[in-house]
Amino acid sequence: MPDAFGRLVLFGSGETSASGRKVFDRLFRQLPAPVRVAILETPAGFQPNSAAVAGRIADSLRQGLQNVAMDVAVVPARKRGTPFSPDDSGLADVVLAADCIFLGPGSPTYAVRQLRASVVWDAVRLRFAEGATLVLSSAAVLAIGAYTLPVYEIYKVGADLGWEAGLDVLGPTGHRLVFVPHWNNREGGVDLDTSRCFMGEDRFARLRALLPSTATVVGIDEHTTLIVEPAMASAQVVGQGGVTIEQAGQAVRYEHGSAFALGHLGEFDWTALAQDLPPELRDRARDLKNAPQSGTPADEPIPSDVQALVERREEARRRREWATADALRAELADRGYHLQDTPAGPLLQPAAVSGAESSH
């Protein structure tokens, strides 16, 4: 394997529960301290409170794992064509510095539209190839497959059954994998089958028939986590339920506490995945390792009133006043400064410097 690929961690649900925190504790203890965590807002970026959605994940980690040293940064890569775009190289830099990257709740189809072919998503893929742990839950689990289920469009709006192209994070390895969380959901009670991520068994059977025959479906129960270990060519099932793998008309079930060889999903060509990554991002990642992680260039002292804006924004973030923090960031941009949230703290640069780096 040419790169030291990191773990791929898929939650069926419950990432902020006690069992979910145990998974994070296990993962973080295998990463260098302090663990640098990047939490992407993108799947919920269409929601006015997307910062709060990601903030709750950050708070859960900080409060639930107080014995683990970590630096957590929320990455507001919300929507293309806005000041908080997944095409922003400054936001990609935060991802490139992370040891663990998390994407979670929101809309899978929205996440795909915003992230596909973006610099932030390329940064996610690069860090995964270089050894960072990639943790996904809920909408993000659906989004990273070869095909994604438009669950809200079908379940809430009544759209026709069908699939949309996903981010296909493992596609270059040679397999069409479809990931489905909430596999054993029972919220519908006795009146409505909400298993198979709210589709129900009968409706999902019709959806399954719409997929190519070569596609493999990986269903993950609620409060259950599938941990894929590329370096060991194996996967583990932890939590309260199990994982169901459907391929070639057959279904195989792996209960919690079990492990299986990745060969059960097919032979993965990790070399092809590594070669699919932009070489300029590799250069940028190397540069960042030698760059200062906080402050500004030595020849660009921060005016006191600009520094006051940065401090006010940090205070607003600590109070979880996300709208205020966003307004202060926009004010800094109007003053000619690019503010980048890094795991080590805010990095403030004159816009001219930031723009020059963006063209790297």
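**Group meeting: a sheet and a helix pair**

I start with helix α1, residues 18–28, which lies across β1 (8–11), β2, β3, β4, β5 (133–137), β10 (224–229) and β11 (234–239) and runs at about 175° to β1. Contact means heavy atoms within 4.5 Å. Helices are DSSP runs of H or I with at least four residues, strands are runs of E with at least two, and both are numbered from the N terminus. Axes are lines fitted to C-alpha atoms, for helices over the stretch in contact, with angles from 0 to 180 degrees between N-to-C directions.

This is a predicted model, where local features need pLDDT of at least 70, side-chain atom pairs count only at pLDDT 80 or more, and totals for chains, interfaces and linings use all residues. Residues are numbered from 1 along each chain as its sequence is written, and side-chain values use heavy atoms, leaving out hydrogens and water.

Now the sheet. Eight strands form an open, mixed sheet, ordered β3-β2-β4-β5-β1-β10-β11-β14. Its edge strands, β3 (70–75) and β14 (259–261), each pair on one side only; pairing takes at least two DSSP bridges between two strands. Strands β2 (residues 35–40) and β4 (residues 100–103) run parallel, joined by three bridges. Val37 has Cys100 in β4 as its bridge partner.

Last, the helix pair. The axes of α12 (residues 304–318) and α13 (residues 322–334) come within 8 Å and cross at roughly 160°. The two are therefore roughly antiparallel, a label for angles over 145 degrees. Residues meeting there include Leu309 and Arg313 in α12, and Leu328 and Glu331 in α13.

Terms used: Angles under 35 degrees count as roughly parallel, over 145 as roughly antiparallel, 65 to 115 as roughly perpendicular and the rest as oblique.
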